[in-house]
Amino acid sequence: MSSRSPILELKGIRKKFGGVNAVDGVSLDIRQGGVYGLIGPNGSGKSTLFNLVSGLLQPDAGEIRFEGRRIDGLPIRKIFELGISRSFQIPRLFFGMTVFDNLMCAPKGQTGESPISALRSEKWHVQEQVFARSMRALLDELEISGVYLNPASEISGGQMKLLQLAIALATEPKLLLLDEPTAGVAPRIAQDIFLAIEEQRRRTGTTFFIIEHRLDILLEKVDHVFVMHQGKLISEGRPEQVTQDKRVIEAYLGISG
Amino acid sequence: MTTVAAILSVRGLYAGYQKLSIIQDISIEIGKGEIVAMVGPNGSGKSTLLKSVVGLVQVFGGDVSFEGRNITGRKPEEIVREGIGYVPQMANVFTKMSVRENIELGASMLDRSGKEEALRRTLALFPSLSPKLREKAGNLSGGERQMVAIGRAMAANPKLLLLDEPTAGVAPIVAEQLFRALLGLRTQGVTVLLVEQNARRALTLAERGIVMTQGRKVYDGPSKDILDDQAIRNLFLGEPRKADAAGGSRHNT
C-alpha cells in the first residue's frame, strides 16, 4: 500500500462554525485502493471533514488534493465527476421515486442522458437492461430487492440507509466517502455491507473512507484508521495500534476493563 | 410478566400507511418498569409499531391501551400528555431552535424549576452537550442530535419511553452511558420499549425481547433465548465477530 501514491491529500484543513473550530488543522493522506476508517466522539468534526472533501463546504484554510489536483473550491458536481462520491448519515433520496428508479439514476455514462439519443430507444435500451440487471443484483445483495417497486418514502429507515449505500456504490467512484453506513442497519446486513465494500474494492479498485461507530465490524475490515477529537487528528495507524493509544482510549473508547 | 399490571397493551393490531398494513395482527403486553428490546430485520415493522402507539400511523384494526385507557386513534399530542415519550429514528430535533430550547420544549408542561431539572438530567447523561446549549440544533453532529432528542423525550418525565434506535450514530462510550441510564430509569419505575440494531447489547440489557419479521411478532420472551437461538442468529444477528471482545465489551464493567 505504501508504494502507491496518495489519491487524497489534506493539508492543514480548517473550518469554523461560529466560534467552534469544527475542523482544526487536519492533514492526512489516503492511498489508492485502501479501506480507511475515521472514528471519534460525536461532534469531533468527522462529517464536516467529509463535507469539505466532497465540496459541500469550503475550507477556511488548507489544501485538498485529489489525484494530485487541487479540488478545494471546486463545485460539488465537478468533484463528483472527478470520481468522489459520498453517502450521508441521514439518507438523501428522491422520495417520490421507487427504490429501483432511485438506484437507476446512479450509473455514470448513461447514453440516454443525451437529449438526442434519448429519443431513440435502440441507442440506450441494451445499456439500460445491463444496468438494470446489475442494480437488481446489488439490491439482492443488500436484501432490499423485496421493496424495489415501493416509493423510497415508504421503506423503513434502515432500508433507506441501504438504498443510499447501493446508490453510492453504483456510481463506481474512485473514492467513496461513507458516513456511518451501518447505523440503523440490522447486524447481519451490517456485516454484509462490509463484504460488499471488499467486493467493490477488489472489482473496481475503489478507495474507501468510512466513518463508523460500529467498531467491532469496522476495525476488522480497515487497513488504517484516523481518529478525530475536537476537530483535530489525535491518532492514526493500524487498528490494533490505534485501539491501544492512550489518547484514543481517553477521548473515545472509554477506559478499558 | 403476567404478575405485573400491563402499562401498555396492544391487541390484534393492524397498522400502516394509506392502504398498506405493515403491522399484521400484533399483540403485546408490557408490564410497568419493564425494559423490552424489539429487534428484527430492516423493514420488519418495528418503527411502525412504535408510531402506531403514539398515533403517527393509521390503525386499521385492533387497539392500543395505556394504563388501561384505550388510546387508539387519539392525537399524538394527547398521547404524549398521557405520559408516553417517543424518540423517532431520524429528523428528531428542531434544527432552528437551540439545544436548550429543544430540551425545554419537552418539559413545556412543567414550571421553571421542572425545566431546569430536565436540563440538568440531560446534561448529567450527556455532558458533551454542556458547551453547546446555545448552539442551534441544526449545527450539531448526528450523534449529538440524537442526545438532544433523547433529552427532550425524557424531559417530560414519561411513564413509558419509546426509543427508535437511540444509539444509531452515537459513539460507543455514549451508547454505553445511555444503556446504563435506561437501567437507572427502571429503578424510577419508567418503562422502556427499545428498538435497536445494536441487538446483542440491547438484548443483554433488556430481560425480555421481541423479534419482528415482515410485520409479525415471531418471538416474545426472555432475551437470553434469542441470543442463544441459532435460527435467529443466522437470520438476523449474524455471527459474533472476533473483535466483539476488543470493541463491544471494552465498555462493559
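**A predicted two-chain model, in questions**

Q: Which residue takes a positive phi in the hairpin of E1(B) and E2(B)?
A: The hairpin of E1(B) and E2(B) has two residues between the strands. This model is predicted. The residue in this hairpin with a positive phi, near 45°, is B:Gln18.

Q: How many bridges join E1(B) to E2(B)?
A: E1(B) and E2(B) run antiparallel. Within this pair, B:Gly16 stands opposite B:Ser21 in E2(B). The bridges that join the two strands number eight.

Q: Which residue of E4(B) is the bridge partner of B:Val10?
A: Strand E1 (residues 6–17) and strand E4 (residues 58–66) of chain B pair in the antiparallel sense, over seven bridges. Strands of a sheet pair through backbone hydrogen bonds, either parallel or antiparallel. Across from B:Val10, the bridge partner in E4(B) is B:Val64.

Q: How far apart are the end C-alpha atoms of helix H4 of chain B?
A: Helix H4 (residues 112–125) of chain B has 14 residues. At 1.5 Å a residue, H4 should span 20 Å. The distance between its end C-alpha atoms agrees with this: 20 Å.

Q: What arc around the axis do the buried residues B:Ala118, B:Leu119 and B:Thr122 of H4(B) cover?
A: B:Ala118, B:Leu119 and B:Thr122 are buried in H4(B), and their arc puts them on the same side of the helix. An α-helix has 3.6 residues a turn, so residues three or four places apart point the same way. On the other side of H4(B), B:Ser113, B:Arg120 and B:Ala124 are exposed.

Q: Which helices do the buried residues of H4(B) pack against?
A: The buried residues of H4(B) are B:Ala118, B:Leu119 and B:Thr122. Their packing partners, both in chain B, are helix H3 (99–106) and H5.

Q: Which helix gives the largest share of the side of chain B that touches chain A?
A: In all, 37 residues of chain B are in contact with 35 residues of chain A. Helix H5 (142–155), helix H6 (172–187) and helix H9 (230–237) of chain B each give two or more residues to this side of chain B. The residues on this side divide into 16 nonpolar, 15 polar and six charged. The largest share, four residues, comes from H6(B).

Q: Is A:Asn42 buried or exposed?
A: A:Asn42 is found in the loop between strand E3 (35–39) and helix H1 (46–53) of chain A. Leaving aside neighbours within four places in sequence, its contacts are B:Ser128, B:Ser141, B:Gly143, B:Glu144, B:Val170, B:Ala171 and B:Val174. A residue counts as buried if 20 or more other C-beta atoms lie within 10 Å of its own. A:Asn42 has 24 other C-beta atoms within 10 Å, so A:Asn42 is buried.

Q: What is the radius of gyration of chain A?
A: Chain A has 10 helices and 10 strands. For its 257 residues the globule rule gives 18 Å, and the computed radius is close to that, so chain A is as compact as a globular protein of that length. Of these residues, 47% count as buried. The radius of gyration of chain A is 19 Å.

Key: Residues are numbered from 1 along each chain as its sequence is written. Chains are lettered from A and ligands numbered from 1 in the order in which they are written. This is a predicted model: local features need pLDDT of at least 70, side-chain atom pairs count only at pLDDT 80 or more; totals for chains, interfaces and linings use all residues. Two residues are in contact if their C-beta atoms, placed from the backbone, lie within 7 Å. Ala, Val, Leu, Ile, Met, Phe, Trp, Tyr, Cys and Pro count as nonpolar, Asp, Glu, Lys and Arg as charged, and the others, Gly among them, as polar. Two strands pair if DSSP finds at least two bridges between them. The radius of gyration is taken over C-alpha atoms; the globule rule is 2.2 Å times the number of residues to the power 0.38. A residue is buried if 20 or more other C-beta atoms lie within 10 Å of its own, exposed if 12 or fewer, and partly exposed in between; C-beta atoms are placed from the backbone. The expected span of a helix is 1.5 Å times one less than its number of residues. The arc is that of the directions from the helix axis to the C-beta atoms.
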